[in-house]
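Subject: Structure handover

Hi,

As promised, here is the structure for you to open alongside your own viewer.

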Amino acid sequence: MQASRIAGVGMYVPSNIFTNNDLTKYMDTSDEWIQERTGIMERRYADRTRETTTTMGVEAAKIAIERAGITPQDVDFIVFATLSPDYYFPGCGVLLQRAMKMKEIGALDVRNQCSGFVYALSVADQFIKTGMYKNILVVGAEKHSFGLDFSTRGRNISVIFGDGAGAVVLQPATKQGQGILSTHLHSDGDSAEILAMYNPGTHANYWVQNNVASFDEAEMGEMFMSHAMIDEAQNFPNMDGPAVFKKAIVKFPEVIMEALAANNLQTTDINLLIPHQANLRIAQFVQQKLKLTDEQVYNNIQYYGNTTAASVPIALCEAWEKGKIKEGDIVCLAAFGSGFTWASALIRW
Ligand code: UT7
C-alpha cells in the first residue's frame, strides 16, 4: 500500500491578540490564575463579522496548497475538522470548497473536537493508501470566541480557548519509509457529557429534567433551543476541567506509546512530539512521564490558547516554519478531548 506524506503545511491566526488582562474586563479572573493553571498568556480572537471558521481554514489551506506545489483545483478531497462550524449544517468542508473554487470534489466534516485533526488526518491517510485520492486537504479550524460565556459563570472554559486554523496537504509518499507510519484512534463515550455543548441538540434532557417531557408546556419550535435554555447557558460549552485533566494525562502517554510500539520505536526516537495544546500543564506532565527533553516537545499554547481541532496543525506548521522538523525526523502528533476521543499519528518526515 502507498503511504501518505504531508506535502505542505499552513496556518492562520487572527491578528487580534486578547491577553489574560483583557479577559479580566469581562469576568472575575486574573493573569496569574490563567498562567499558573494553563500556561496561557494570550490568544487570538477572530474578527467578529469578517472572519469565520471557514475563512480562517481557507487562509491556512492556501498556504498548505502552495507549499505542496499544487493549486486548489488539484485537490481531490477535503476533510475539515471543527467543533465551531459556520452553520449547524452544512459543514465547513463545502463552504471551503466553494470559497476556494475547487472542483466538485468530496468534502467530509469531522466532529471529534480536540482530536478532530488527528482523526481527519487518519481518514485522509486511508484514502491515499488505497489509491483513491492523490491530493487531500486536511483542515482544523475554530472560531471559539463567538460561542463562549464571557461572564464569570463560564470562566473555567472561556479563558482557555482561542481561534485559528491549520491545514496540511497529504500526497502519496515519494520515498521508501517516508510519511505517516501509523494512526491510532480511540473513544470512550461514558464521559460524553463531561465536556460538551448541550444545546441546540435533539437529546431532550433539558425538557425531561425540567418536567416538561411531554412538551405540552413547550412551544413546538422551542424544542431545539429555547429562551430558557439560553438563560441557563446551555448554548455554551460545559466542562468538568479536573475530570478531563485526569483522563488526559493517562490517555496522552498511552496513545503515544501505542504508536511507538506499533513501529518498534522508543521515546528516544521521537524528534518532535506535538501534543494537542489543551493545557501546558498536561503537556508538561506527558513530557515528564515519557522522559522527553524540552527539544523533543513543541508547545505554543502560551500565545494561542487551546484552539481545539486547529491546535495540532497550527503547532505543526509553526514548528516546521521554525526549522524544527527536518526530512527523516520522527514526528508524533497526539490529541485528547471531548467525547472522550483521543488519537495519535506517527510520521517519518
Ligand atoms: O482541549 C479540550 C480538553 N480540555 C482540557 O484538556 C482541559 C483540562 N482541564 C484543565 O485544563 C483544567 O482543569 C482547567 C484549566 C480548566 C481548570 O484548572 P483547575 O486547576 O482544574 O481548576 P478547577 O476547575 O479545579 O478550579 C479551581 C478554582 C475554583 O474555585 P474554588 O472552587 O476553588 O473556589 C474555580 O472556581 O479556580 C476557580 N476558577 C477560576 N478562577 C479564576 C476556575 N476558572 C477560573 C478562572 N479564573 N478563569
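A polar side-chain atom of N306 sits 2.6 Å from an oxygen atom of the ligand, a polar contact in the sense of a pair of N or O atoms within 3.5 Å (within protein, one must be able to donate a hydrogen and the other to accept it, and residues adjacent in sequence count only if both atoms are side-chain atoms). T29 also places a polar side-chain atom by the ligand, 2.7 Å from a nitrogen atom. With P242 it is a backbone N or O atom that lies 3.4 Å from a ligand oxygen. On its own the ligand has 950 Å² of accessible area, and the protein covers 74% of that; accessible areas come from the Shrake-Rupley method with a 1.4 Å probe, and for residues only the protein chains shown count as cover.

Before going on, please keep in mind that this is a predicted model: local features need pLDDT of at least 70, side-chain atom pairs count only at pLDDT 80 or more, and totals for chains, interfaces and linings use all residues. Residues are numbered from 1 along each chain as its sequence is written, and side-chain values use heavy atoms, with hydrogens and water left out.

**Around the ligand**

The shell holds 21 residues, of which T29, R37, C114, N279 and N306 come nearest; a residue is near if one of its heavy atoms lies within 4 Å of the molecule or strand in question. By type, the shell divides into 10 nonpolar, 7 polar and 4 charged residues. Here Ala, Val, Leu, Ile, Met, Phe, Trp, Tyr, Cys and Pro count as nonpolar, Asp, Glu, Lys and Arg as charged, and the others, Gly among them, as polar. Helices (H or I, at least four residues) and strands (E, at least two) are DSSP runs, numbered from the N terminus.

Where does the ligand lie relative to the domains? Domain 1 (4-172) and domain 2 (179-192 + 238-348) both give residues to the shell, so the ligand lies between them. The assignment also gives a domain 3 (198-231), with its bounds, like the others, coming from an automatic or database domain assignment. Taken over C-alpha atoms, the centres of domain 1 and domain 3 are separated by 31 Å.

**T308 and α12**

T308 belongs to the loop between α11 (301-304) and α12 (311-321). T308 counts as buried, because its relative accessibility is 0%; buried means under 20% relative accessible area, exposed over 50%, and partly exposed in between (1.4 Å probe, protein chains only). Its side chain makes a polar contact of 2.5 Å with the side chain of H144. Leaving out residues up to four places away in sequence, T308 touches L83, Q113, C114, E142, H144, F161 and H276, where contact means heavy atoms within 4.5 Å.

Just after α12, G323 takes a positive phi of about 75 degrees.

**A buried strand residue**

I136 is in strand β6 (residues 136-142) and is buried at 0% relative accessibility. Its contacts, again not counting residues up to four places away in sequence, include D76, F77, V79, F127 and V169.

**Backbone points to look at**

Two peptide bonds are worth a look in your viewer. The one from F89 to P90 is cis, with omega near 0 degrees, and P90 is in the loop between β4 (77-81) and α4 (92-99). The one from G339 to F340 is cis as well, with omega near -15 degrees; F340 is found in the loop between β12 (330-337) and β13 (341-348).

Which way do K101 and A233 go, buried or exposed? K101, in the loop between α4 and β5 (106-110), has a positive phi of about 50 degrees although it is not a glycine, and K101 is exposed, with a relative accessible area of 64%. A233 has a phi near 60 degrees, also positive in a residue other than glycine. A233 lies in the loop between α8 (227-231) and β10 (238-239) and is buried, with a relative accessible area of 9%.

Happy to talk any of this through.

Best wishes
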